[in-house]
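I opened this model to look up its fold, its cores and its charged pairs. My entries follow, in the order I made them.

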Amino acid sequence: MRILTILFLAIIISSCDGPEPRKPVQTKSGSFFKASIERSRKLLEAEEKKIQSIIKLDSLKHYDHSKSGSWYHYLTVNEESDYTPKTDDLVVFTYDILTLDNDTIYSKEDIGVVNYKVDKQELFLGLREAIKMLKENERATFLFPSSIAYGYHGDENKIGTNVPIKSTITILQIEKQQENTVN
């Protein structure tokens with residue numbers, strides 16, 4: 001019994017060391033991220049070349065470049081208004097999604113009429129920015145690089161990984177957010 005007690009005390013005393021810190025199995029040098037950035041840069045460069053070739057072939061239309069990175073041209077312009085949607089406005093619009101080769105991915109009939117509260121609902125980045133550029137009753141076609149379209153993940157349905165898209169957007173109505181005034 002005495003031996004068991006001494007053995008038990010020896011085990012307790014030897015196990016009282018503090019926790020030993022774990023060491024990383026591998027150290028990261030950042031090369032993965034550098035390679036990923038380089039792949040993304042090359043992908044964007046290739047997509048922009050394709051978009052530029054489309055614009056060159058479509059010489060009858062004037063394309064502009066947006067701050068968000070898309071290219072667009074107007075099909076219908078509203079000269080009577082200067083109001084574009086702001087945060088919280090309710091916008092009713094239609095759009096379609098095509099490949100850059102004009103193959104339909106989703107028609108505007110597939111998508112239907114969309115009611116969108118500006119900056120408060122999920123849409124892909126390029127579409128969110130495009131809506132804020134158009135006025136009521138305007139229609140424009142946008143060419144979106146994959147980085148501001150559905151990106152690496154696609155839409156997990158018909159749009160695959162890193163697919164640049166073309167979309168024609170029509171703003172049907174803009175319901176301005178009521179501003180609360182303090183009396």
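**Ser107.** I began with the contacts of Ser107. Leaving aside neighbours within four places in sequence, Ser107 touches Tyr95 and Asp96; contact means heavy atoms within 4.5 Å. Ser107 sits in the loop between β5 (104–106) and α3 (108–111). I took helices (H or I, at least four residues) and strands (E, at least two) as DSSP runs, numbered from the N terminus. Ser107 is buried, with a relative accessible area of 18%. Buried means under 20% relative accessible area, exposed over 50%, and partly exposed in between (1.4 Å probe, protein chains only).

**Ground rules.** This is a predicted model, so I noted that local features need pLDDT of at least 70 and side-chain atom pairs count only at pLDDT 80 or more, while totals for chains, interfaces and linings use all residues. Residues are numbered from 1 along each chain as its sequence is written, and side-chain values use heavy atoms, with hydrogens and water left out.

**Overall fold.** I listed four helices and eight strands. Along the sequence they run α-α-β-β-β-β-β-α-β-α-β-β. The radius of gyration is 28 Å, whereas a compact globule of 183 residues would have one near 16 Å. That radius is taken over C-alpha atoms, and the globule rule is 2.2 Å times the number of residues to the power 0.38. The C-alpha atoms fill a box of roughly 100 × 55 × 30 Å along the principal axes. Buried residues make up 34% of the 183.

**Cores.** Which residues touch the most other members of the largest nonpolar core? I found Phe93, Phe144 and Ile169, out of 26 residues. β3 (90–95), β5, β6 (114–117), α4 (125–131), β7 (139–144) and β8 (165–175) each supply at least two residues of this core. The largest share, four residues, comes from β8. Another core lies apart from it, with seven residues, among them Ile51, Ile55, Trp71 and Leu100. A nonpolar core is a set of buried Ala, Val, Leu, Ile, Met, Phe, Trp, Tyr and Cys residues joined through side-chain atoms within 4.5 Å. Beyond four places in sequence, the contacts of Ile169 include Phe93, Leu127 and Phe144.

**Gln173.** I stayed on β8 for Gln173. Gln173 is partly exposed at 40% relative accessible area. Glu136 is 37 residues away in sequence, but the C-alpha atoms are 5.4 Å apart. Glu136 is also one of the contacts of Gln173, as are Leu90, Val91 and Val92.

**Salt bridges.** I searched the whole structure and found eight. A salt bridge here is a side-chain nitrogen of Lys or Arg within 4 Å of a carboxyl oxygen of Asp or Glu. Arg41 pairs with Glu45, the closest N and O atoms being 3.1 Å apart. Why are Arg41 and Glu45 separated by about one helical turn? They are four residues apart in helix α2 (residues 31–57). Arg41 is partly exposed at 41%, and Glu45 is partly exposed at 40%.

Lys132 forms a salt bridge with Asp119, closest N and O atoms 3.1 Å apart. This pair links distant parts of the chain: Lys132 is in the loop between α4 and β7, Asp119 in the loop between β6 and α4, 13 residues apart. Lys132 also forms a salt bridge with Glu129, at 3.5 Å between the closest N and O atoms. Shared partners join Glu38, Arg41 and Glu45 into one salt-bridge network.
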